[in-house]
Amino acid sequence: MKMLNSEMTSLLDKLYNLRGEDSVILVSMEKEKQSAVETRDRTSSLKMELQSKINELTSEENVLAEEGAKLKSALASIRKDEFATVIEHLNIDFDPEAIKQKVDSALPLTMEKVANEKKSAAEELVQVEDEMNAAITKIEELGIRRDEALSNQERLNRYFELALSSNINITRDEITSLLAKFDYFSDEEQREAAKLLMFPEDGLFDYEKTLKDRPVAGKSIGEVIQEARDVTPVIDFSSLAKKKDSETTSKEIKIEVASPVSAPSAPVSSSEDPKGTTKEKLIELLASLGFDYLDFTSNDFAKILENYDEQLIRANVALVDELKINKDVFNDNIELLYDKELKSKIDMLTKVGKLPQDIYLNPTVLVKYNLHELDSAIRTLHESGLEPKNVPLMAY
């Protein structure tokens, strides 16, 4: 059994944070949503202002064109000499021609200025609408992402419940694929997290105990996790792990942890089959044979421990290696590890012409039949006039 160390604590801090309402994922999404809502409201208001401004400028543009045309028409019909006397006696500075020239030169410039202002407002309106639509889309996307995040959180919590009740039967791939969806863990962290959930006695129980021992009333899980981190002893077991033969050392570093279904003072015992073989010893054996124990589920370990025979396991693995069959054939056909008839069944298949590659691609035939049944199946093929070598194993 491994001990809870600083690296495990840090990783479990991250995992436990994702389990609650103050999850960094949910908090980050909420901040993004608030920002998007503010942008939507601001741009919506600005859009209305710009639309109103454009309408006013359009109206002004029309009035200038209409009134300008009328003024030029009126000035064109006025002759100054017809009013020369009254203009002279009243001392009026009135020159219709000069006014007409000024209108002809100034009106187009004024209308162009209004048109440019209108064009600028229209271009700004397009940008504002794009920003507003992007914010609306963002809000909708965040709603979908939040639903997915809550679903992932629920699934993560279910995995933890199974692990803490020592009843988890989830594969490593299922756990790592879930953690990958959070986009929050490195590949190494995903792998280590899978170990902690699949083998909670290696640190998860310890961590859970530190949380249970802390007062939690009125506190968020994030606050509890931080407190747990502050009080968790940081111990480096990297050098101690090498001293597997030192019973004294292992006893000195062993600590008691609370089982989810036991009293707080009860220590967590190692998984052990009726024959007395522990899961830890089995993991060591598998590692020595070139396996990654994370490729096996809790149910796989239970089956192997129930039928544990170290010499048989070593012999079956050696047989597969000798035939140059990839050892991953055992991963999905765990029964083959402790199959007492494995060598005899493989010999029977090779005698009828089956190649190791055929066996590797169709290993279920070895699980499906015992030696007597396999012999009967081959004899049936012969009696039917078929050559067993030419019949695919999947058809046996």
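Me: Where is N333 found?

Reply: N333 sits in the loop between helix 12 (310–322) and helix 13. Helices (H or I, at least four residues) and strands (E, at least two) are DSSP runs, numbered from the N terminus. This is a predicted model: local features need pLDDT of at least 70, side-chain atom pairs count only at pLDDT 80 or more, and totals for chains, interfaces and linings use all residues. Residues are numbered from 1 along each chain as its sequence is written, and side-chain values use heavy atoms, with hydrogens and water left out.

Me: Is N333 buried or exposed?

Reply: Buried means under 20% relative accessible area, exposed over 50%, partly exposed in between (1.4 Å probe, protein chains only). N333 has a relative accessible area of 10%, so N333 is buried.

Me: What does N333 touch?

Reply: Contact means heavy atoms within 4.5 Å. Not counting residues up to four places away in sequence, N333 touches P363, T364 and V367.

Me: Which backbone oxygen lies 3.0 Å from a polar atom of the N333 side chain?

Reply: The backbone oxygen of V329.

Me: Now helix 16. Why does its length agree with what a helix should span?

Reply: The expected span is 1.5 Å times one less than the number of residues. Helix 16 (residues 371–383) has 13 residues, so 18 Å should be spanned, and the end C-alpha atoms are 18 Å apart.

Me: Which residues of helix 16 are buried?

Reply: L374, A377, I378 and L381. Down the axis of helix 16, these buried residues fall within an arc of 95 degrees, so they line one face. The arc is that of the directions from the helix axis to the C-beta atoms. The general idea: an α-helix has 3.6 residues a turn, so residues three or four places apart point the same way. On the other side of helix 16, H372 and E383 are exposed.

Me: What do the buried residues of helix 16 pack against?

Reply: Helix 13 (342–351) and helix 15 (364–368).

Me: What is found at the start of helix 16, and what follows the helix?

Reply: At the start, a side-chain oxygen of N370 reaches to within 3.1 Å of the backbone nitrogen of H372. After helix 16 comes G385, with a positive phi near 80 degrees.

Me: How many helices and strands does the chain have?

Reply: The chain has 16 helices and zero strands. Buried residues make up 37% of its 396 residues.

Methods:
A polar contact is a pair of N or O atoms within 3.5 Å; within protein, one must be able to donate a hydrogen and the other to accept it, and residues adjacent in sequence count only if both atoms are side-chain atoms.
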